[in-house]
Amino acid sequence: MGPTPGYHLAGKPQYCSLRLVAFLLIILLFVFFGAGVLSPRMLMLGTRQEGAGEAAGKPISLHVVTLPRYSVFKGHLPIRMVYPQPKVLTPSKDVLVLTPWLAPIVWEGTFNIDILNEQFRVQNVTIGLTVFAIKKYMVFLKLFLETAEEHFMVGHKVNYYVFTDRPADVPRVPLRGGRRLLVLEVPGAARWQDVSMRRMEMIGSFCAQRFLREVDFLVCADVDMRFRDHVGVEILSQLFGTLHPGFYGAAREAFTYERRPQSRAHIPRDQGDFYYMGAFFGGSVAEVHRLTTACHQAMMADWANGIEAVWHDESHLNRYLLDHKPTKVLSPEYMWDEQLLGWPAIMKKLRYVAVPKDHQEIRHR
């Protein structure tokens, strides 16, 4: 049987049309993707000339400069950031309630304690409170514990961890249900500075030994203080620090950071967010473990180099919190000395306050 009449005449144009369409599609795809890959805009990201477009692309008030040393907390740091200092007190005489890294700053009126209490009760958290009563500082422990029972984490489970060289002198204080007092015997020290610095080592060590198993959050406090008003779960976060009452309104150049570059606690004068008090800090047990371990290692590195930071563990705490921003910052309501500073109108409450004392007599006995 012969070929169907008109077969070749009808089929050849169809084949040519398909080939032409395919060829045009390939050309279009090449042009589309080639333009994306080879466009001047794409190439400009990799080959932009120095200085081009600086007015549009340069971040406001942000400079990147070479850092000629490294931090013990992070290892080698090829760059550091220099940026404007956050101001706790605004020009309108109001207070800062959020840091530039979006951590809340806790003041009276910024939280609803009923909502927070319910949230933490659902989580069934236990809070640890560490305090060091070494040598004559034992005289402050009874008032510390009594006022903590009245104001600290009321309605929640609490473990009081008392580090002391005089376990027999720990006072018996009635405790609410779900609260325990645990005495941890530790050696004394010749100088109060050594007690202050060694607490980082001891807290870090006990975090690994037991705190990680026993509590969810850890609050580290000084014993020569008393709770005067509510201090509750509003302070809890992964990592928190407390603004120093003497520096919350000061410029960073006035902060008493460690300024000697030889120390691991060194902070240059053009750096620093806030000055944090070493007498009240905390967070999750894991974060407190990291903080105390890093600070202890930094102090040991200083000791090996024959240097001691100007404010001991507090200096290293400030270096750490500069490198590892706290997830919550407590206002000076949570650390105040009314005898020295009075009661300014900006402070709606004084929650954790210094006990009047003779520092020389206490420290050098």
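**Charges, cores and confidence**

Modeller: In this predicted model, the charged end of Lys325 sits over the ring of Trp101, 5.1 Å from its centre. A charge sits over a ring if NZ of Lys or CZ of Arg is within 6 Å of the ring centre and within 35 degrees of the ring normal.

Biologist: And which ring does the charged end of Arg252 sit over?

Modeller: The ring of Tyr83, 5.9 Å from its centre.

Biologist: What are the ground rules for these values?

Modeller: Residues are numbered from 1 along each chain as its sequence is written, and side-chain values use heavy atoms, with hydrogens and water left out. As this is a predicted model, local features need pLDDT of at least 70 and side-chain atom pairs count only at pLDDT 80 or more, while totals for chains, interfaces and linings use all residues. The pLDDT is the predictor's confidence in each residue, from 0 to 100.

Biologist: Back to Lys325. Which side chain does a polar contact of 2.5 Å join to that of Lys325?

Modeller: That of Asp273. A second polar contact, of 2.6 Å, joins the side chains of Asp273 and Tyr83. A polar contact is a pair of N or O atoms within 3.5 Å; within protein, one must be able to donate a hydrogen and the other to accept it, and residues adjacent in sequence count only if both atoms are side-chain atoms.

Biologist: Is Asp273 buried or exposed?

Modeller: Asp273 counts as buried because its relative accessibility is 2%. Buried means under 20% relative accessible area, exposed over 50%, partly exposed in between, with a 1.4 Å probe and protein chains only.

Biologist: Where is Asp273 placed, and what does it touch?

Modeller: Asp273 is in the loop between strand E9 (239-242) and strand E10 (280-284). Helices (H or I, at least four residues) and strands (E, at least two) are DSSP runs, numbered from the N terminus. Leaving out residues up to four places away in sequence, Asp273 touches Tyr83, Gln85, Pro86, Trp101, Phe255, Tyr257, Leu322 and Lys325. Contact means heavy atoms within 4.5 Å.

Biologist: Phe255 is on that list. How do the rings of Phe247 and Phe255 pair?

Modeller: The count comes to 20 aromatic pairs. The Phe247 and Phe255 rings have centres 6.1 Å apart and planes at 80 degrees, so this pair is edge-to-face. Rings of Phe, Tyr and Trp (its six-membered ring) pair if their centres lie within 6.5 Å; planes under 30 degrees apart count as stacked, over 60 as edge-to-face and the rest as tilted. Both Phe247 and Phe255 are buried.

Biologist: New topic. Which residues touch the most other members in the largest nonpolar core?

Modeller: Tyr161, Phe163, Phe211, Leu218 and Leu291, out of 44 residues. Helix H6 gives the most to this core, with eight residues. A nonpolar core is a set of buried Ala, Val, Leu, Ile, Met, Phe, Trp, Tyr and Cys residues joined through side-chain atoms within 4.5 Å.

Biologist: What does Leu291 touch?

Modeller: Met200, Leu239, Phe281, Leu317, Tyr320 and Leu321, again not counting residues up to four places away in sequence. Apart from this core lies another, of 41 residues, including Phe120 and Ile235.

Biologist: Where is pLDDT under 50?

Modeller: Over residues 1-16, with one contact beyond four places in sequence. Residues 31-78 are also below 50, though this stretch has 50 contacts beyond near neighbours in sequence. Where pLDDT is low, the predicted coordinates should not be read in detail.

Biologist: And the protein average?

Modeller: A pLDDT of 83, with 75% of the residues scoring at least 70.
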